[in-house]
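Me: I'd like to go through this model and ask what backs up each label. Can you put it up on the screen?

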Amino acid sequence: MALPLPHVYSGKVRDIYAVGDDQLLMVTSDRLSAFDVVMAEPILHKGRVLTAISAFWFEQLADVVGSHLVSTDLADLPPEVGAADDDLAGRIMLCRKAEMLSIECIVRGYLSGSAWKEYTASGTMHGQALPAGLQESDQLPEPVFTPSTKSDVHDENISFAQAIDLVGEELATRARDVSLELYTRGAAIARERGIIIADTKFELGLVDGELVLCDEVMTPDSSRFWPVDEWKPGATPPSFDKQPVRDYLESLDWDKNPPPPPLPTEVVTATSARYIDAYERITRRSFSAWPGVA
Ligand SMILES: Nc1ncnc2c1ncn2[C@@H]1O[C@H](COP(=O)(O)OP(=O)(O)OP(=O)(O)O)[C@@H](O)[C@H]1O
Ligand SMILES: [Mg+2]
């Protein structure tokens, strides 16, 4: 995709452009990564779902912290941008450019992934003791802020003291408190709507000295989403969004290195349906009303 704007960065999922000096345009593609490899097939509407879920959370949680979001409406972009690509509607976020904190604000409400591994090895999570006898995927006694460094290569867990060294005590404390509040509020809404947000990563930044919530928020890509009715401590629940892809890839003799194997159409379709289902459950809104869908 090439837009008539200065290109800033492309990640696995997003393409970012500069809009003037103080704004960014984030375009979220339909690319899907599994086991850290980007699949060859786009997942129809996935970028719209991620954009729509983030926009919902920015709106719901605005009283906790301000956000970088300016608009998700194509009409707010210069007309030549919209004209350059007819698939942009619904997958764009015009944002205020922030000076990103150099930490990733991870919050865990359930014991899974690397945290479960650490717990089985040492009875701790992020270096802090947890009650004995917890099972895999158990809910934690309370949500825990487990920050990491922000690195292109490999994010590393850091203690709260190290977070203070990186961003200063005032910002680290505020980032922790804001992240815990965002997660607690968001996870409660999602849970009553059938989805457990087991853990998630927030990215915070400064705009004109004000701490704001940036990037994507509590999406299936930045979080572990589990269906409430399939959660049972003692095992890993299926991933709400990626399970069809993971199951398919696990059924193959693939070493998880690029290139990825081709995905059958049924797997692509099932995955798209699950992303859309996640949006509709969490927001109780119809996805067909979102720009670019109908
Ligand atoms: N308002 C903002 N101002 C400046 N940078 C931002 C803002 N919001 C998000 N970012 C940054 O933009 C980038 C988003 O890129 P993207 O999510 O595509 O890639 P990534 O997170 O680096 O890698 P991955 O492909 O693993 O997701 C991140 O580096 C994020 O920190
Ligand atoms: Mg990202």
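Me: How do you know that S15 and S16 pair, and in which sense?
Reply: Keep in mind that this is a predicted model. Two strands count as paired once there are at least two bridges between them. S15 and S16 have five bridges, in the antiparallel sense, so they qualify as a pair. Leu206, for instance, stands opposite Leu211 in S16.

Me: What sits between the strands in the hairpin of S15 and S16?
Reply: Two residues, and in this hairpin Asp208 takes a positive phi near 50 degrees.

Me: What makes strand S6 a partner of S16?
Reply: Two bridges join S6 (residues 66-67) to S16, and the cut-off is at least two, so they pair. These strands run parallel. Ser67 has Leu213 in S16 as its bridge partner.

Me: Why is S16 called largely enclosed?
Reply: Buried means under 20% relative accessible area. Four of the five residues in S16 (residues 210-214) are buried, so the rest of the structure largely encloses this strand.

Me: How do you know that the length of helix H7 agrees with what it should span?
Reply: H7 has 19 residues (265-283), and at 1.5 Å a residue these should span 27 Å. The end C-alpha atoms are 27 Å apart, so the two agree. Just after H7, Arg284 takes a positive phi of about 55 degrees.

Me: Which residues of H7 are buried, and what covers them?
Reply: Among the buried ones are Val267, Val268, Tyr275, Ile276 and Tyr279. The cover includes helices H1, H5 and H6 along with strands S15 and S17.

Me: Why are S1 and S7 called edge strands?
Reply: The open sheet has five strands in the order S1-S2-S3-S8-S7, with antiparallel pairing. S1 (7-10) and S7 (69-71) each pair on one side only, and that makes them the edges. On average, neighbouring strands of this sheet are turned by 30 degrees against each other, direction ignored.

Me: What lies across this sheet?
Reply: H1 lies across S2, S3, S7 and S8, at about 45 degrees to S8.

Me: What makes the approach of Glu203 to ligand 1 a polar contact?
Reply: The pair must be N or O atoms within 3.5 Å. A polar side-chain atom of Glu203 is 2.4 Å from an oxygen atom of ligand 1, so the pair passes. Tyr9 also has a polar side-chain atom 2.7 Å from a ligand 1 oxygen, and an N or O atom in the Lys150 side chain is 2.7 Å from one.

Methods
Residues are numbered from 1 along each chain as its sequence is written. Chains are lettered from A and ligands numbered from 1 in the order in which they are written. This is a predicted model: local features need pLDDT of at least 70, side-chain atom pairs count only at pLDDT 80 or more; totals for chains, interfaces and linings use all residues. Side-chain values use heavy atoms; hydrogens and water are left out. The expected span of a helix is 1.5 Å times one less than its number of residues. Buried means under 20% relative accessible area, exposed over 50%, partly exposed in between (1.4 Å probe, protein chains only). Contact means heavy atoms within 4.5 Å. Axes are lines fitted to C-alpha atoms, for helices over the stretch in contact, and angles run from 0 to 180 degrees between N-to-C directions. A polar contact is a pair of N or O atoms within 3.5 Å; within protein, one must be able to donate a hydrogen and the other to accept it, and residues adjacent in sequence count only if both atoms are side-chain atoms.
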